[in-house]
Amino acid sequence: MGSYKKEYEEVFEGKTILITGGLGFIGSNLAHKLVELNPKKVIIADALVNGLGGSIENIKEIKDKLEIYAGLEGDIRNIQKIKELVSQADYVFNLAGSIRHTGHNREDLIFDSEINLICQTLFLEACRQCMIENPKKNLSIIYAGTRDQYGKVSFMDLPLKEDFVPKTFTDYQSISKGAAEAHHIMLHSSLKEQGIDGIKITSVRITNTYGPRQSLDCGGAVPTFIKKILSGGKIELWGGGEVLRDFNHVDDVVDALILLAASDKTGGQIYNLGCCIGKEGMNTPVGGNLTTIMNLAHLIRDISGLGDVTAIPYPKERASIEPGHCCSDISKIARLGWIPKYSLRKGLEETIRFYKEKTLNNKDY
Ligand SMILES: NC(=O)c1ccc[n+]([C@@H]2O[C@H](COP(=O)([O-])OP(=O)(O)OC[C@H]3O[C@@H](n4cnc5c(N)ncnc54)[C@H](O)[C@@H]3O)[C@@H](O)[C@H]2O)c1
């Protein structure tokens with residue numbers, strides 16, 4: 001934290017920062033880091049949506065340093081409240097959303113469109129009104145997009161660059177997150193065109209993030225496998241787990257969010273996270289963070305010394321939303337100075353230790 005603290009203290013000291021979805025996995029880890037940078041205030045707005053990863057437990061060590069709006073009060077659909085909070089803020093990390101991979105049914109369509117698109121539209125309307133009413137205000141917004149926005153891709157397209165044009169989407173999430181990102185970038189240019197120069201909106205397409213404070217029921221491979229082995233079960237690999245994925249430790253993701261917010265070059269831009277730099281980087285990804293789901297399972301078993309791994313047929317309802325091999329090119333954000341610090345092994349060792357301790361203390365994650 002030492003040199004990191006020095007580097008960013010100048011940027012965030014005395015500033016007000018709003019984190020939407022701040023009681024969730026990435027938001028709470030971000031809050032832990034931001035309170036160390038001497039800000040005036042860190043505000044959290046989180047609707048604590050059922051079935052997502054938000055929990056007061058995630059910020060319990062720092063709750064006295066935060067201003068927290070939870071439930072209805074913290075819902076980004078609440079335009080008046082969000083306007084009031086945004087008008088105080090210098091920086092907004094807009095992390096409210098759902099990472100649930102939805103199926104192809106009416107209930108999932110409604111849930112995903114509501115959480116990942118309509119909520120974002122209302123949030124951006126609050127921001128727009130706030131900037132129009134305070135045209136001299138400086139505001140930097142970082143939006144949490146996802147690599148799922150690339151949809152189904154072919155191996156030849158890897159690693160994916162930010163300008164890759166999706167051809168086939170996999171599920172509602174990939175569509176609604178992409179539409180919400182487009183809305184963010186559009187608001188950036190439309191406010192600039194109206195002479196509102198203090199606005200800066202950036203999107204970051206996050207890949208598979210793992211680490212402490214992630215809900216073990218969120219559906220991601222790392223938490224699902226850790227939950228299985230800690231409860232004495234077998235890790236089940238759908239279709240043998242041959243697909244490639246790129247993983248980032250949450251600390252690296254938090255560093256990227258802070259860097260993008262602090263930089264004056266990132267307005268109206270989109271950045272990938274992940275671990276590959278160019279085609280050659282597919283062979284030597286940073287930190288060994290590109291791997292198959294099968295290797296990931298074996299690594300988790302080896303590190304924990306628990307459980308076993310078995311292959312099962314791909315569940316029918318999941319096959320249609322499987323994007324295939326996937327990994328992103330991080331050359332663009334690397335030029336700003338970010339590459340992951342964590343190797344997959346080191347990150348998993350820390351994460352498994354965290355959950356083993358929680359399980360021993362009977363904490364529910
Ligand atoms: N974790 C990953 O691997 C990953 C990958 C790609 C993108 N992302 C994106 O990063 C963001 C954070 O993800 P996470 O892993 O921390 O998820 P999470 O489920 O742990 O946290 C998301 C939080 O958003 C809150 N939320 C949802 N709708 C809200 C609303 N209307 N108003 C206020 N709060 C609301 C939820 O209550 C939850 O606490 C999400 O937007 C997600 O799509 C995450």
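Tutor: Let us begin with the ligand. A residue is near a molecule if its C-beta atom, placed from the backbone, lies within 6 Å of it. Please keep in mind that this is a predicted model.

Student: How many residues surround the ligand, and which are the closest?

Tutor: The ligand is surrounded by 32 residues, of which Gly21, Gly24, Gly53, Gly54 and Gly97 are the closest. Two or more residues of this shell come from each of α2, β2 (41-46), α4 (106-133), β5 (139-146) and β7 (208-210). Helix α2 gives the most, with three residues. By class, the shell has 16 nonpolar, 13 polar and three charged residues.

Student: How does one describe two packed helices?

Tutor: One gives the angle between their axes and the distance between the axes. Here, α2 (residues 25-34) packs with α7 (residues 250-262) at an angle of about 70°, and their axes are 9 Å apart. Angles of 65 to 115 degrees count as roughly perpendicular, so α2 is roughly perpendicular to α7. The crossing of α2 past α7 is right-handed.

Student: Which residues make the contact between α2 and α7?

Tutor: Helix α2 contributes Phe25, Ile26, Asn29, Leu30 and Lys33, while α7 contributes Val250, Val253, Val254, Leu257 and Ile258. By class, eight are nonpolar, one is polar and one is charged.

Student: Is isoleucine 76 buried or exposed?

Tutor: A residue is buried if 20 or more other C-beta atoms lie within 10 Å of its own. Isoleucine 76 has 25 such atoms, so it is buried. This residue lies in the loop between β3 (66-70) and α3 (79-88). Beyond its neighbours within four places in sequence, isoleucine 76 has contacts including Thr20, Ala45 and Phe123.

Conventions:
Residues numbered from 1 in each chain as written. Predicted model: local features only at pLDDT ≥ 70, side-chain atom pairs only at ≥ 80, totals over all residues. Axes fitted to C-alpha atoms, helices over the stretch in contact; angles between N-to-C directions. Helix = DSSP H or I, 4+ residues; strand = E, 2+ residues; numbered from the N terminus. Parallel < 35°, antiparallel > 145°, perpendicular 65-115°, else oblique. Left-handed = near helix turned anticlockwise from the far one by under 90°. Contact = placed C-beta atoms within 7 Å. Nonpolar A, V, L, I, M, F, W, Y, C, P; charged D, E, K, R; others polar. Buried ≥ 20, exposed ≤ 12 C-beta atoms within 10 Å, placed from the backbone.
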